[in-house]
Amino acid sequence: MEPEIVLRECIKPSSPTPLHLKTHKLSLLDQVRGHGYFPMIFYYPFNQDNKNLPNPAGINLIVPERLQLLKKSLSGTLSRFYPFAGKFRDNLSVDCDDDGIYFVQARVKSSLDEFLDKPDLRSIYKFIPFDSTESSGSIAGLHVGKIQVTIFACGGFVICACVSHLFGDGKTLSSFMKTWAATACGSINDNEGVFANTDASVLFPQNNELPENATAEGMNAPFVKSDRFVTQRFVFDAKAIAKLKVKASRYSFVQNPTRVEVVSAIFSKSFKSGNPHKPVPLISHAVNLRKKSEPPMSEYSMGNIVWTTANTGCTNDEELGALVRQLREAIMKLGRDFVKSLQGEKGMMNICEYAKDEREARSRAEGKILFSSWCNFGLYDVDFGFGKPIWVSNSGVFGTIPKFLNAILMMDTRYRDGIEAWVYVTEDDMKILESSEELLAFVKLNPSPLE
């Protein structure tokens, strides 16, 4: 599967950005995250039921119509989410000059079903748009967002959307994608209040004196490796999740464990039991702070409205329920008072204090695993008018990579009752997971999304 690039262009907003919004200031929390593009990839078969497929002439007629719909609705969405059409001026601001979002159109001679039947995690990166300016080493002039639409010979589409982590988090990108799809379906009118919310830059005012050791890169520096990394997709179906919940609930202090909690716990336990003579790695979770703010922030709030838990996992208790309780307690600490402490003039001072606590915790460990969840983001509802995606994925990481951290990203399965865990770890750590009998009893390794 080798996509052929057909077109590179910039899709401009359907209406110009007002003068008072021409500069988007990044927030203090954005400064903590730093730059790096991350993708969401959506897979759409030509026909949802794969029946009554038209002849090639019919496909050649309908595909251009769908592509035009995507471009027109993207233009309309950018008028609501104007920073996505901008470029970075520096690491503190975005020029919203309506240059447009970077857009790539590609085609593949094979069928989408052929790829999905045995998904090659090493090949998914080919759906990600690459811009030659990325290699310049400077943030100035880089696009905030990028899109690639790859069209298969069967008429199936793969839509990959990327955004810089300096600008936003997974919730930022998912809100953009859902608005784009709703615009394509005509379900958003001009009077609806669906617009990018930029309150974060006011609530969490930026500070160019933020020290390096208070950023994510600085805090993770001791655990970042230049090593051979691999990717595996561990899929927990509804039955497996139900069994894990029962197993965790046997612990007297845990009630109603969530999907994310039990999956996080089984991975944590597998890392520990797989190497009992080595200290347990620090387990850190990215937590969405929007609903924890007072009052709650809009789901359309742009930015990295996220913080990672104080590290957990330094325990000798291997009970699944104990690990769930430990995670729950760590997340509960990131409540309204915590969010308030990040706001205003004292925000940077408090972030520096939290970073100090992080450094003290990591001094007792030899490794770290960062968990993040895109569950309940509604990604399988992103319907542009020709059906919901049959699969939503991330991308694989392979080979020797400088400055990379062990990470696990959790996503919904198609029917939203299971979890797909995208695991990015070193080859040695992957051997531990793939040899864990307890873990393997609950998962399938990279099954076909068509199952």
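Is Cys 185 buried, partly exposed or exposed? Cys 185 counts as partly exposed, at 42% relative accessibility. Notes on the rest of this predicted model follow.

1. **Cysteines.** The disulfide count is 0. Cys 10 is in no disulfide, and the nearest cysteine sulfur, that of Cys 162, is 14 Å away. A disulfide needs the two sulfur atoms within 2.5 Å. Cys 10 is partly exposed, with a relative accessible area of 34%.

2. **The sheet.** Six strands form an open sheet in the order S1-S6-S7-S8-S3-S13. Pairing is mixed. Strand S1 (4–11) and strand S13 (391–393) are the edges, each pairing on one side only. From one strand to the next, the twist averages 15°.

3. **S6 and S7.** Strand S6 (residues 101–108) and strand S7 (residues 145–152) run parallel, joined by 7 bridges. Ala 106 has Thr 150 in S7 as its bridge partner.

4. **Helix on the sheet.** Helix H4 (residues 170–184) lies across S3 (37–44), S6, S7 and S8 (157–164). H4 runs at about 35° to S3.

5. **Helix H12.** Asp 429, Met 430, Ile 432 and Leu 433 are the buried residues of H12 (residues 427–434). They sit on the same side of H12, because they cover an arc of only 155° around the axis. Asp 428 and Lys 431 are exposed on the other side.

6. The model has 19 salt bridges. One of them joins the side chains of Glu 9 and Lys 71, at 2.7 Å from N to O. Glu 9 lies in strand S1 and Lys 71 in helix H2 (residues 56–78), so the pair ties together parts 62 residues apart in sequence. Glu 9 is partly exposed at 25% relative accessibility. Lys 71 is buried at 15%.

7. Asp 429 meets Lys 225 in a salt bridge, 4.0 Å from N to O. The pair links distant parts of the chain: Asp 429 is in H12 and Lys 225 in strand S9 (residues 225–236), 204 residues apart. Asp 429 is buried, with a relative accessible area of 11%. Lys 225 is partly exposed, at 28%.

8. **A buried pair.** Arg 259 forms a salt bridge with Asp 412, with the closest N and O atoms 2.9 Å apart. Arg 259 is in helix H8 (residues 259–274) and Asp 412 in strand S15 (residues 407–412), 153 residues apart. Arg 259 is buried, with 11% relative accessible area. Asp 412 is also buried, at 6%.

9. **Network.** Lys 247, Lys 269 and Glu 438 are linked in a network of salt bridges.

Conventions. Residues numbered from 1 in each chain as written. Predicted model: local features only at pLDDT ≥ 70, side-chain atom pairs only at ≥ 80, totals over all residues. Heavy atoms only, no water. Pairing = 2+ DSSP bridges. Helix = DSSP H or I, 4+ residues; strand = E, 2+ residues; numbered from the N terminus. Axes fitted to C-alpha atoms, helices over the stretch in contact; angles between N-to-C directions. Contact = heavy atoms within 4.5 Å. Buried < 20%, exposed > 50% of the residue type's maximum accessible area, 1.4 Å probe, protein only. Arc of directions from axis to C-beta.
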